[in-house]
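Subject: Structure handover

Hello,

I am passing the structure on to you, with notes on what was found in it. Please have it open while you read.

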Amino acid sequence: MDGRLLTTGEPHLEAGESAPLVRYFDIRWDSVLDGPGVRCVVHLQGCHLACPWCHSPHGQPHDSPPLVLPFEGPNPPFLGRSESPAALFRRLSPQLELLRRIGGLTLSGGEPLDQVEASEALLRLCRVRQHHTTIETSADSSWDTIERLAPWVDVWLVGLRVVPTTVREERVPEPSTVRRNIGGLVRSGANVVVRIPLIPGYTDNPTSLELARRILDDEGVTRVELLPFNSAIGVYYRAMARPEPHFAPWDELSSLERAHRILKTSARAVTYATVHPH
Ligand code: SF4
């Protein structure tokens with residue numbers, strides 16, 4: 001579809017027709033886990049990383065892969081949609097109006113920063129209509145990308161996953177890049193919440209948490225959310241006929257307590273989120 005041929009009669013929507021198509025694999029209409037209040041969440045397709053703990057392996061490829069085996073969960077994703085930012089905004093608008101005073105739009109992934117032009121167009125449309133906006137991101141990107149989106153984002157939910165070098169694989173977020181971007185956002189006055197998933201064997205150990213604490217201290221982060229590990233991670237892997245990742249047993253209570261003790265300071269709130277890493 002060539003969105004540029006569409007006319008809407010609204011100049012800001014017409015601007016959104018000419019941006020690159022938004023590729024996405026799911027929409028959650030009323031999430032309470034993805035930003036302040038109630039969120040309409042668009043899961044953008046594609047992520048340049050391949051974290052072993054990823055809950056959305058079907059969101060990693062540039063194009064949605066087919067689920068080759070039956071999906072076992074209650075909410076099967078629809079796969080492989082793309083449309084202009086303006087067309088998607090029109091689809092979302094009735095819900096965003098309902099959420100106007102209690103929430104807004106969240107761009108999640110995959111990785112929204114990997115579709116910077118389409119993300120920007122969608123966020124700008126929200127700004128024109130004064131809808132609250134949030135981005136969930138790994139922040140594993142250039143500063144130019146962050147800076148380009150920053151004017152249109154009300155809340156940044158940034159994942160921080162410091163993995164010991166002994167188990168670090170090539171395609172996990174680079175801590176120095178994420179750190180630079182978190183610091184830049186904080187210094188620019190952005191509303192930043194750092195989310196730390198507790199993943200056994202990767203981030204859920206004292207060394208990783210101490211390194212994370214140092215980053216949070218140095219970059220002046222005042223709000224942290226701990227994300228519990230979800231051991232039922234396999235559903236999309238099975239549906240894609242991909243090997244299912246396996247992790248060591250996880251003791252939720254002691255893990256959350258340890259992370260809280262290491263990361264909490266008098267200047268920093270550390271809370272628990274009942275959301276799992278995307
Ligand atoms: S967990 Fe997030 S950053 Fe990692 S591969 Fe999945 S979508 Fe990408």
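Predicted model: local features only at pLDDT ≥ 70, side-chain atom pairs only at ≥ 80, totals over all residues.

Residues are numbered from 1 along each chain as its sequence is written.

Ligand

The ligand is surrounded by 14 residues, and the closest are Cys47, Leu49, Cys51, Cys54 and Ser138. A residue is near a molecule here if its C-beta atom, placed from the backbone, lies within 6 Å of it. By type, the shell around the ligand holds six nonpolar residues, seven polar and one charged. In that division Ala, Val, Leu, Ile, Met, Phe, Trp, Tyr, Cys and Pro count as nonpolar, Asp, Glu, Lys and Arg as charged, and the others, Gly among them, as polar.

Helices (H or I, at least four residues) and strands (E, at least two) are DSSP runs, numbered from the N terminus. Burial is a count of other C-beta atoms, placed from the backbone, within 10 Å of a residue's own: 20 or more is buried, 12 or fewer is exposed, and partly exposed lies in between.

Strand E7 covers residues 192–197, and six of its six residues are buried. In a regular strand the side chains alternate between the two faces of the sheet. In E7, Val192, Val194 and Ile196 point one way, while Val193, Arg195 and Pro197 point the other way.

Two strands pair if DSSP finds at least two bridges between them. E7 pairs in the parallel sense with strand E6 (residues 155–159) over four bridges, and Val193 in E7 is the bridge partner of Leu157. Four bridges also join E7 to strand E8 (residues 223–227), again running parallel; there, Arg195 has Glu225 in E8 as its bridge partner.

Helix H6

Together with helix H6 (residues 206–218), E7 and E8 make a right-handed β-α-β unit. Right-handed means that, with the strands pointing away from the viewer, the path from the first strand over the helix to the second runs clockwise.

H6 has 13 residues and reaches 18 Å from its first C-alpha to its last, close to the expected 18 Å. The expected span is 1.5 Å times one less than the number of residues. Ser208, Leu209, Ala212, Arg213 and Leu216 are the buried residues listed for H6. Seen down the helix axis, the buried residues of H6 fall within an arc of 140°, so they line one face; the arc is taken from the directions from the axis to the C-beta atoms. Thr207, Glu210, Arg214 and Asp218 are exposed on the other side of H6.

Backbone exceptions

Most residues other than glycine have a negative phi, and most peptide bonds are trans. A cis peptide bond, with omega about 5°, joins Gly109 and Gly110. Gly110 is in the loop between strand E4 (103–108) and helix H3 (116–128).

Ala139 has a positive phi of about 55° and sits in the loop between strand E5 (132–137) and helix H4 (143–149). Ala139 is buried, with 27 other C-beta atoms within 10 Å. Ala241 also has a positive phi, near 60°, in the loop between helix H7 (235–239) and helix H8 (252–263). Ala241 counts as exposed, because it has 11 C-beta neighbours inside 10 Å.

Regards
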